[in-house]
Amino acid sequence: MSMPTAVVVGVGAEQGLGAALCRRFARAGHHVLVAGRTQARIAGIAAGLAAAGGSAEAVPTDATVEAEVARLFARAAAPGPGREPADLVAFNAGNNRRIDILDVAAAEFEDFWRVGCLAGFLVGREAARLMAPLGRGTILFTGASASLRGKPGYAHFAAAKAGLRMVAQSMAREFGPQGLHVAHVVIDGGIAGERLLTRAPALAEARGEDGLLSVEAIAESYWQLHRQHRSAWTQEIDLRPFREPF
């Protein structure tokens with residue numbers, strides 16, 4: 001029996017959401033294409049998956065570059081002997097930083113949009129080009145509560161995430177009838193990953209374990225979205241710690 005293939009785009013730190021998605025999909029029996037911009041990091045994650053008994057391949061990819069995304073999905077279409085073309089794609093690229101709007105340079109605004117929105121469009125389009133002719137597959141986008149409302153200091157981030165949300169909604173309406181499950185995951189709260197724990201340790205300590213989202217718990221929600229029966233698909237889901245006000 002051939003092995004299914006998953007693609008995770010936006011893999012960085014070992015204790016980040018992208019790596020957690022790779023681990024969850026590998027544990028479920030998928031061959032995982034680990035895609036990110038830093039060769040050393042994705043190679044280490046792929047090696048860790050293999051050491052744990054999984055199957056993985058590191059594919060260096062800058063998701064803002066069309067040719068690199070196309071190359072990634074050419075591999076996803078032909079992942080090797082005994083493996084099926086990808087049936088699961090997760091887009092997890094993104095960046096976030098507080099910048100007052102009067103201080104946001106045009107180049108910075110564009111960079112946030114390219115990483116948070118354009119890259120999602122490129123990945124989603126190539127995933128649909130691969131999976132729609134096959135009549136099956138799941139495309140998952142990592143979103144944020146910023147896609148639902150703007151806040152002072154985050155106009156650049158909110159604009160990118162709102163755009164990504166509309167890409168996901170539009171794709172769900174277009175490709176759902178063709179057999180593709182497209183879902184957008186609103187992350188509402190801080191993630192207990194390397195980025196937050198190293199960049200804002202005081203915030204992480206103030207929130208405590210119950211005030212942050214576990215990367216493994218988020219990854220489990222992504223897997224359950226992939227496993228949903230097509231008679232009851234979720235297009236959007238929001239995830240937050242039980243102590244998070246909303």
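Is Ala 26 buried or exposed? Ala 26 is buried, at a relative accessible area of 12%. Buried here means under 20% relative accessible area, exposed means over 50%, and partly exposed is in between, with a 1.4 Å probe and protein chains only.

Some ground rules. This is a predicted model, where local features need pLDDT of at least 70, side-chain atom pairs count only at pLDDT 80 or more, and totals for chains, interfaces and linings use all residues. Residues are numbered from 1 along each chain as its sequence is written, and side-chain values use heavy atoms, with hydrogens and water left out.

Let's stay with Ala 26. Ala 26 sits in helix α1. Set aside its neighbours within four places in sequence, and Ala 26 is in contact with Val 32 and Leu 49. Contact means heavy atoms within 4.5 Å. Ala 26 and Met 166 are 140 residues apart along the chain, and their C-alpha atoms are separated by 29 Å.

Now the whole protein. It has eight helices and seven strands. These are DSSP runs, numbered from the N terminus: helices are H or I with at least four residues, strands are E with at least two. The radius of gyration is 17 Å, close to the 18 Å from the globule rule for 246 residues, so the protein is as compact as a globular protein of that length. That radius is taken over C-alpha atoms, and the globule rule is 2.2 Å times the number of residues to the power 0.38. Along the principal axes, the C-alpha atoms fill a box of roughly 55 × 40 × 35 Å.

How much of the protein is buried? Buried residues are 48% of the 246. The protein exposes about 11600 Å², and carbon and sulfur atoms supply 54% of that. Accessible areas come from the Shrake-Rupley method with a 1.4 Å probe; for residues, only the protein chains shown count as cover. Look at contacts with a separation of 6 or more. Residues 24 or more positions apart account for 73% of them.

Next, the sheet. What is the strand order? The seven strands form an open sheet, ordered β3-β2-β1-β4-β5-β6-β7, with parallel pairing. At the edges are β3 (55-60) and β7 (236-239), each pairing on one side only. From one strand to the next, the twist averages 20°. Two strands pair if DSSP finds at least two bridges between them.

Helix α1, residues 17-27, packs on this sheet. The helix touches β1 (3-9), β2 (31-36), β4 (83-91) and β5 (137-144). Its direction makes about 175° with that of β1. Axes are lines fitted to C-alpha atoms, for helices over the stretch in contact, and angles run from 0 to 180 degrees between N-to-C directions. Then there is helix α2, residues 39-51, which lies across β2 and β3. Helix α2 runs at about 175° to β3.

Six bridges join β1 to β4, in parallel. Five bridges join β1 to β2, also running parallel. Next to it in the list, Val 9 has Phe 91 in β4 as its bridge partner.

Move on to β5. Four bridges join β4 to β5, again parallel. Ala 90 stands opposite Leu 140 in β5. Further out, β6 (residues 180-187) and β7 pair in the parallel sense over four bridges. There, Val 186 has Asp 238 in β7 as its bridge partner.

How covered is β1? Mostly: five of its seven residues are buried. Take Ala 6, which is found in β1. Ala 6 is buried, with a relative accessible area of 0%. Beyond its neighbours within four places in sequence, Ala 6 is in contact with Phe 25, His 30, His 31, Val 32, Leu 33 and Leu 88. Ala 6 and Thr 198 are 192 residues apart in sequence, and 29 Å apart in space, C-alpha to C-alpha.

Last item, the cysteines. How many disulfides are there? Zero, from a search of the whole structure. The cut-off is a pair of cysteine sulfur atoms within 2.5 Å. Cys 22 is buried, with a relative accessible area of 0%. Cys 117 is buried too, at 9%.
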